[in-house]
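Biologist: Before we look, could you take me through how to read the features of a chain such as this one, giving the general idea before each case?

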Amino acid sequence: MASGQRTAIVTGAGRGIGRAIALRLAQDGLNVVINDVNLDTAESVVNEIREFGRESFAVKADVSNRREVFEMVNQVVERFGQLDVMVSNAGIAQIKPLLEVTQEDLEQIFNINVNGVLFCLQAAAEQMKKQEGGKIISAASIASYKGFSLLGTYSATKFAVRGITQAAAQELAQFGITVNAYCPGIVGTQMWDLIDEKMGQYMNLAKGETFKKFTDSITLGRSETPEDVAKFVSYLASPDSDYMTGQSIMIDGGVIFS
């Protein structure tokens, strides 16, 4: 692997889980590039990272656009000379019965949650092959192990991430690249605010009741924080996980047992 300061990209890092991951990797000593479609939120995270004494910059790129993803990686390599960790965190949720899903719904969620993961993997791997090593880490979900009612398309995209992770681990091992995914559960983020609101409409539940219902299923008895996820991604990004590849690991407080 290339020498010098380690560098990471975190996609969808302007808020929520992505922001927490980016800040944790900066605390771990990495330079962290912040990707988001909202440049203002991305820049605010860049400023937080610089307070840790690490280097950072923001890139506005749509992960569902392959050209923009490859250009983002090129920018990072031009600036830092290498890319050691790609965290493909960007994703969206859709709440709708499967019988109501439109072609546009499918294309939107697969473009971001699946195509985006694959494009990030492709762009990162091309650079990491030159370095003879690197770590590719993607966002899956508890919905990658169990399909959830009203989250059918979202579940399908996350099952796809697991499949991509397993296949890519086998294809890229020869280049010293590991590929893993993290599977969060019920996290208090804006995405879950949306799920709570939309699911509540279908289930005739007041605001907050859906989130509470799901939280009640957590063995550890509390909802997950973005920092809970970031701690595990820190491990996946570190040398401690060098002998792990092709895995999609639950970090959910005990919702799904696999």
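Biologist: Where is leucine 150 found?

Modeller: Leucine 150 is found in the loop between strand 5 and helix 5 (152–172), where helices (H or I, at least four residues) and strands (E, at least two) are DSSP runs numbered from the N terminus. Bear in mind that this is a predicted model, in which local features need pLDDT of at least 70 and side-chain atom pairs count only at pLDDT 80 or more, while totals for chains, interfaces and linings use all residues. Residues are numbered from 1 along each chain as its sequence is written, and side-chain values use heavy atoms, with hydrogens and water left out.

Biologist: What is the phi of leucine 150, and is leucine 150 buried or exposed?

Modeller: As a general idea, most residues other than glycine have a negative phi. Leucine 150, although not a glycine, has a positive phi of about 70°. For accessibility, buried means under 20% relative accessible area, exposed over 50%, and partly exposed in between, with a 1.4 Å probe and protein chains only. Leucine 150 counts as buried because its relative accessibility is 14%.

Biologist: Which value does phi take in glutamate 132, and where does glutamate 132 lie?

Modeller: Phi of glutamate 132 is near 65°, a positive value in a residue other than glycine. Glutamate 132 lies in the loop between helix 4 (103–131) and strand 5 (134–139), and it counts as exposed because its relative accessible area is 63%.

Biologist: How many disulfides does the structure hold?

Modeller: A disulfide is a covalent bond between the sulfur atoms of two cysteines. In practice the term is applied to a pair of cysteine sulfur atoms within 2.5 Å, and the structure holds zero of them. Cysteine 120 is in no disulfide, its nearest cysteine sulfur being that of cysteine 183, 17 Å away.

Biologist: How should I read separation along the chain against separation in space?

Modeller: Each pair can be given both values, with the distance taken from C-alpha to C-alpha. Glycine 152, placed in helix 5 and buried at 18% relative accessibility, is 47 residues from methionine 199 in sequence and 12 Å from it in space. Aspartate 84 lies in the loop between helix 3 (66–80) and strand 4 (85–88) and counts as buried at 1% relative accessibility; its C-alpha atom is separated by 29 Å from that of isoleucine 186, 102 residues apart along the chain.

Biologist: What are the corresponding values for asparagine 204 and aspartate 36, and for lysine 207 and phenylalanine 119?

Modeller: Asparagine 204, in the loop between helix 6 (190–203) and helix 7 (209–215), is exposed at 72% relative accessibility, and is 168 residues in sequence and 34 Å in space from aspartate 36. Lysine 207 is placed in the loop between helix 6 and helix 7 and is exposed with a relative accessible area of 71%, while its C-alpha atom is separated by 36 Å from that of phenylalanine 119, 88 residues apart along the chain.

Biologist: How many helices and strands does the chain have, and what is its radius of gyration?

Modeller: The chain has eight helices and seven strands. The radius of gyration is taken over C-alpha atoms, and the globule rule is 2.2 Å times the number of residues to the power 0.38. With 258 residues, a compact globule would have a radius of gyration near 18 Å, and the chain agrees, having 18 Å. Along its principal axes the C-alpha trace spans about 55 × 40 × 35 Å, and 52% of the 258 residues count as buried.
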